[in-house]
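Trainee: I would like to learn how to read a model like this one. Could you take me through it feature by feature?

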Amino acid sequence: TRKSRPQRLLKAVEGKATLGDPQSVITAIDHFCRHKEWAMNVGDEKGSILDSLVIELSPVNVLELGTYCGYSTVRIARLLPPGARFITLEFNPDYAAVARQVIGWAGLEDKVQLVEGASGDWIPRLREHFGVQMFDLVFLDHWKDQYLPDTKQLEECGLIQKGTVLLADNVICPGTPDYLKYVRNSPHYDSRYYRSHLEYTKVEDGLEKSVFLGF
Ligand SMILES: Nc1ncnc2c1ncn2CCCCCNC(=O)c1cc(-c2ccc(F)cc2)cc(O)c1O
Ligand SMILES: [Mg+2]
């Protein structure tokens, strides 16, 4: 059967990137998506905003919801301090299989724990299964209608505490209206929109950064 788009993206990484060099993996994926086939990675423009926020925050415990091919996983993991812990959840086993290889090609497999399954099923189990107390950074990039319920579940499980930063992709396109309303209207979050564009296009999109202020 014909290879899937993620598999073709992986072939582009294997053909162009240098083993163990995260930047070359990022560059290879961006080139493939800009010149060959669009794919729903956070991309280079929003990716630069993501980079600057990760560098500024220097998080120790990071959760990513929605790994896809591992592009944002590589972008984040390459900037984490030694000893940081990074858990990324992916629902789709085919995406997860490609992401494992992309992360491996970047030489970052020791920094990342890729967990297969739905966010809603895993969030209540993260604390006892991984011994994580709270997250300093949560990058939301999965089903857009899951951002809000998962945020509420993270709050209830105590995995979001004072100072935790939520960074949400696609708040304009495809859009996450209920999530935006919640974080922008809640007295418990200090929220800010970073205007950008949908990956590899001129369509408006952006990242919403929301700092939890505590209950
Ligand atoms: N652990 C978990 N739990 C629950 N769901 C989970 C999951 N792990 C994965 N998923 C399932 C998410 C599937 C991918 C989510 N991302 C998207 O749907 C997405 C779509 C676009 C897009 C924009 C304009 C267009 F015209 C078309 C597509 C752009 C993006 O940057 C996107 O991130
Ligand atoms: Mg996205």
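The dialogue below goes from the whole chain to single residues.

Mentor: Conventions come before features. This is a predicted model, in which local features need pLDDT of at least 70, side-chain atom pairs count only at pLDDT 80 or more, and totals for chains, interfaces and linings use all residues. Residues are numbered from 1 along each chain as its sequence is written, chains are lettered from A and ligands numbered from 1 in the order in which they are written, and side-chain values use heavy atoms, with hydrogens and water left out.

Trainee: How many helices and strands are there in the protein chain?

Mentor: Helices (H or I, at least four residues) and strands (E, at least two) are DSSP runs, numbered from the N terminus. Here the protein chain has 10 helices and seven strands. Its radius of gyration is 16 Å, close to the 17 Å that the globule rule gives for 215 residues, so the chain is as compact as a globular protein of that length. That radius is taken over C-alpha atoms, and the rule is 2.2 Å times the number of residues to the power 0.38.

Trainee: What percentage of the residues of the protein chain count as buried?

Mentor: Buried means under 20% relative accessible area, exposed over 50%, and partly exposed in between (1.4 Å probe, protein chains only). Of the 215 residues, 55% count as buried.

Trainee: And how do I read contacts along the sequence?

Mentor: A contact means heavy atoms within 4.5 Å. Among contacts in the protein chain between residues at least 6 apart in sequence, 72% join residues at least 24 apart.

Trainee: Is D169 buried or exposed?

Mentor: D169 is buried, with a relative accessible area of 0%. N170 is buried as well, at 4%. N170 sits in the loop between β5 (165-168) and α9, and its phi is near 65 degrees, a positive value in a residue other than glycine.

Trainee: Which residues does K46 touch, not counting those up to four places away in sequence?

Mentor: With that exclusion, K46 touches D169, N170, S196, H197, L198, E199, D205 and L207. K46 is found in helix α3 (residues 43-57).

Trainee: Where is S58 found?

Mentor: S58 is in the loop between α3 and β1 (61-65). Its phi is positive, about 45 degrees, although S58 is not a glycine. At 39% relative accessibility, S58 counts as partly exposed.

Trainee: What kind of peptide bond joins C173 and P174?

Mentor: A cis peptide bond, with omega about 5 degrees. P174 lies in helix α9 (residues 171-175).

Trainee: Last one: which residues does G120 touch, leaving out those up to four places away in sequence?

Mentor: G120 touches D150 and Q153. G120 is in helix α6 (residues 119-122) and is partly exposed, at 27% relative accessible area. G120 and L154 are 34 residues apart in sequence and 9.6 Å apart in space, C-alpha to C-alpha.
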